[in-house]
Amino acid sequence: MVTPIYLLYLVVAVSGVAFEKEVVPSCGPEEDLCEFHWTIDYKETMVYFKRDSHVGEPVVLVNETLYKRTSCNTLEPISDEELQNVTTADGRYKSVYAINQQVPGPPVVVYQGQQVVVHVHNKLLSDGVTIHWHGLTQKGTPWMDGTGSISQCPIDPHSTFVYRFMADDVGTSWYHAHHGMMRNDGLAGPLIVLPRDNVRADNATATVDKQYILFVQDWFYMSGQDIYSYFSAYLNPYFNGLDKEGCTKPGNGQNGEIIGDIPFESAIINGKGRYNESIGGLPYESFTVKTGGVYQFRIINAAMVYAFRVSVDQHPLTVISTDGNDVTEFEAESVVVHSGERFDVIIRADQRPGSYWIRTETLDTPLKGETSSPSSGLAVLQYQDADPVLPQSQKAVCEKNSPCKVVNCLFLYSSKYNIQCTSVADLRATPEGQTINPVPTVTSTERFQELFLNFVYARSRTPISAAVNNKGFVRPSVPLQTYPVGDGVFTECPEHCDKYCTCTHVIKLGMGNTVQLVLLNMNDSPYGLTHPIHIHGHHAHIIKVVYPEYDQQNGKILERSQDIRCDTPNCNNATWSNSSWQFGNVPGVNLDNPPQKDTVSIPRQGYVVMRMTADNPGYWFLHCHIEVHQTAGMTLVLQDGEITDMPALPVGFPTCGDYRPATETKLTDNTSLSTRLGSRPSVSASDNDGSACVTSNKADKISAVDQRTSYILLICILAVTNVASLIVACVGKRRRTKISFVLKAPSYRRPIEINDKPEPEVFFSKNDELCSSKEKLLLT
């Protein structure tokens with residue numbers, strides 16, 4: 001049994017600490033509330049900071065030894081203790097986002113039923129941010145889901161948002177930024193909910209000696225924002241450099257399909273790795289075990305693009321949970337974990353004491369004569385009684401008479417690989433889990449909804465038009481969960497998109513309905529690959545996974561699954577080929593004890609059937625978890641119930657959206673204040689009849705109608721004043737002339753006064769070049 005050790009999170013700014021790989025509760029089980037304070041700021045990898053200091057010293061690799069650069073020309077060895085405060089990543093310098101100066105972010109380990117409070121202060125200069133709690137269903141608190149533009153407004157720079165929710169979903173989850181491409185540059189970390197009695201439904205975890213976190217992600221030198229810009233401009237063939245010769249080609253998988261549309265660079269485990277495995281000196285993550293011990297590893301894939309096949313040399317893995325949901329024990333050589341997925345496995349330290357490689361490999365085709373993928377990340381399983389040296393262990397050899405069992409295959413391997421695949425639908429929920437969350441049944445056609453959703457690159461556009469049923473998602477201008485009203489909040493979708501279209505794709509689910517989602521990955525695009533689909537607000541039963549037909553010799557796809565009838569090349573409006581399969585009558589499904597998941601991978605040209613109950617009122621994202629696909633539009637929103645079914649928005653919850661001035665804004669007494677203080681009005685177009693020159697003071701938002709009226713009134717007053725002046729002047733002149741004529745005394749003639757000038761003065765507006773001659777005021 002694991003002895004609880006409680007890790008206190010201090011509310012102070014620190015320069016960064018080592019990632020806590022052991023599962024250590026953040027608060028005791030007796031606590032009702034567990035509180036965290038986070039500051040999101042920038043950080044540089046491969047830079048050492050002294051504690052409580054903002055002065056950095058670059059870390060330099062020279063002859064496989066790490067040094068810190070203390071001046072322009074001075075290098076000093078860096079100690080192991082100092083290295084704990086360095087985010088080495090893959091050994092390259094990169095500006096990243098960090099939570100409390102940690103990458104990955106600090107683990108959140110709480111107990112079931114605790115209230116979690118996270119104060120998130122955004123210290124970034126110009127980026128808004130949100131935090132999604134991936135795996136938590138947020139029942140009763142849909143506005144805390146952390147999805148930008150759906151559940152909340154982004155947290156503005158220099159602002160603080162407090163997340164407050166209940167930790168009801170036991171198991172391995174995680175958190176990450178869900179606004180733009182920020183999660184790929186550091187904003188992600190583990191989130192683990194422990195049972196109160198520390199005993200899971202599966203007996204294996206009750207006897208483990210220690211629990212470890214294995215947080216793996218692909219890592220790129222280019223920032224997520226730059227990667228998205230490349231895709232938007234169809235520059236992805238030039239990822240190796242815009243001025244480099246030749247084009248970048250995506251890697252081919254062991255099934256002949258591409259495995260990622262961005263070239264693989266490196267993988268890091270708990271923030272450590274190497275961009276080139278042939279370069280020594282950079283640290284690997286290491287997990288210490290004792291001979292005879294039993295250890296639980298919580299594997300989380302936070303990748304932007306790649307799935308990883310995880311294995312430990314000479315140590316089989318026993319799968320006990322997926323996405324936080326217990327399954328009966330299943331032993332395998334390896335497990336494939338795609339972006340967003342989690343698997344808990346048991347490793348028994350029953351081999352000869354030494355050090356062994358932990359491998360996280362992409363599904364690239366191995367080089368000739370090799371058994372491992374050329375693209376991978378490594379960590380070390382280190383026996384406590386052995387010398388801490390780099391492993392010399394070899395990966396298991398899969399043989400015809402002894403094939404390797406692999407869980408969660410993204411495709412079926414050709415016979416030459418000697419791999420026996422087990423899909424997630426072949427796993428079995430524990431009896432306790434099935435009792436608590438039974439598969440919803442079809443009681444009536446009125447209370448059953450079946451949705452066919454095809455996640456593809458739209459064939460009609462190039463290069464990447466990610467869509468669901470040919471509809472590319474457009475985020476609303478106001479978060480839907482804040483219940484906006486009025487026109488212009490989001491773009492309405494047509495019923496069918498024969499050609500690629502963009503809109504705010506929302507599907508309404510009847511409250512309490514049994515919902516069967518048929519997730520497809522079918523089209524004729526050359527850019528196709530497996531898509532990991534994540535559903536917010538729910539854990540669904542995976543009752544069937546179907547692969548296409550493969551060539552057993554080379555593993556390539558021969559034909560898409562014929563269970564699905566597609567009416568267009570993009571399969572926009574799919575149905576069952578056999579109409580008798582409708583209304584939940586699909587053969588070959590497991591309705592007794594299927595596993596539950598919130599993230600599932602759809603095989604290329606295949607499909608997945610998942611079933612759930614629409615019992616969580618709110619707006620929930622459903623999207624591909626490959627980040628560039630999600631941001632490009634491969635997503636939609638499921639609306640559980642009506643707005644009247646949803647929880648009321650908390651008082652003072654922040655809102656945002658478009659702003660458009662009203663067509664008419666009434667003047668106030670203070671409207672002209674800024675003008676009197678020196679703001680200069682700008683000129684607008686004149687009236688159609690040319691009778692007035694209209695000005696507009698933008699600073700005061702004066703409407704054109706009110707301004708025109710005020711200006712015409714001013715002209716009239718000036719005109720009357722000038723006419724009166726002319727009359728007075730004329731009367732005075734005639735009087736003087738008459739007096740001069742009667743007296744005939746030139747010596748008494750008055751001198752000409754100012755108003756008796758022979759030519760009138762002309763006063764022009766400052767904007768005279770835009771005004772007609774009618775606007776000239778004559779002052780005589």
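Me: What makes the 92 residues a nonpolar core, and which of them touch the most other members?
Reply: A nonpolar core is a set of buried Ala, Val, Leu, Ile, Met, Phe, Trp, Tyr and Cys residues joined through side-chain atoms within 4.5 Å. The largest such set here has 92 residues, and Ile227, Phe297 and Leu453 touch the most other members. Strand S27 (residues 448-457) gives the largest share, four residues. At least three residues come from each of domain 2 (210-422) and domain 3 (437-640), with bounds taken from an automatic or database domain assignment. In soluble globular proteins, nonpolar side chains tend to be buried together.

Me: Before we go on, what kind of model is this?
Reply: It's a predicted model: local features need pLDDT of at least 70, side-chain atom pairs count only at pLDDT 80 or more, and totals for chains, interfaces and linings use all residues. Residues are numbered from 1 along each chain as its sequence is written, and side-chain values use heavy atoms, with hydrogens and water left out.

Me: What does Ile227 touch?
Reply: Skipping residues up to four places away in sequence, Ile227 touches Met181, Phe220, Met222, Phe239, Ile262, Met304 and Val628. Contact here means heavy atoms within 4.5 Å.

Me: Which residues does the second core include?
Reply: That separate core has 39 residues, and Leu124, Val129, Tyr483 and Val637 are among them.

Me: Why is His179 called partly exposed?
Reply: Buried means under 20% relative accessible area, exposed over 50%, and partly exposed in between (1.4 Å probe, protein chains only). His179 has 25% relative accessibility, so it counts as partly exposed.

Me: Where does His179 lie, and what is it in contact with?
Reply: His179 lies in the loop between strand S11 (171-177) and strand S12 (188-194). Leaving out neighbours within four places in sequence, its contacts are Gly128, Val129, Thr130, Gly148 and Pro154. Thr130 is 49 residues away along the chain, yet the two C-alpha atoms are separated by 5.9 Å.

Me: How do you know that S3 and S4 pair?
Reply: Strands are DSSP runs (E, at least two residues), numbered from the N terminus. Two strands pair if DSSP finds at least two bridges between them. Strand S3 (residues 56-62) and strand S4 (residues 65-71) have four bridges, in the antiparallel sense, so by that rule they pair. Leu61 stands opposite Leu66 in S4.

Me: What makes S2 and S5 edge strands?
Reply: The open sheet of four strands runs S2-S3-S4-S5, with antiparallel pairing. Strand S2 (47-49) and strand S5 (74-77) each pair on one side only.
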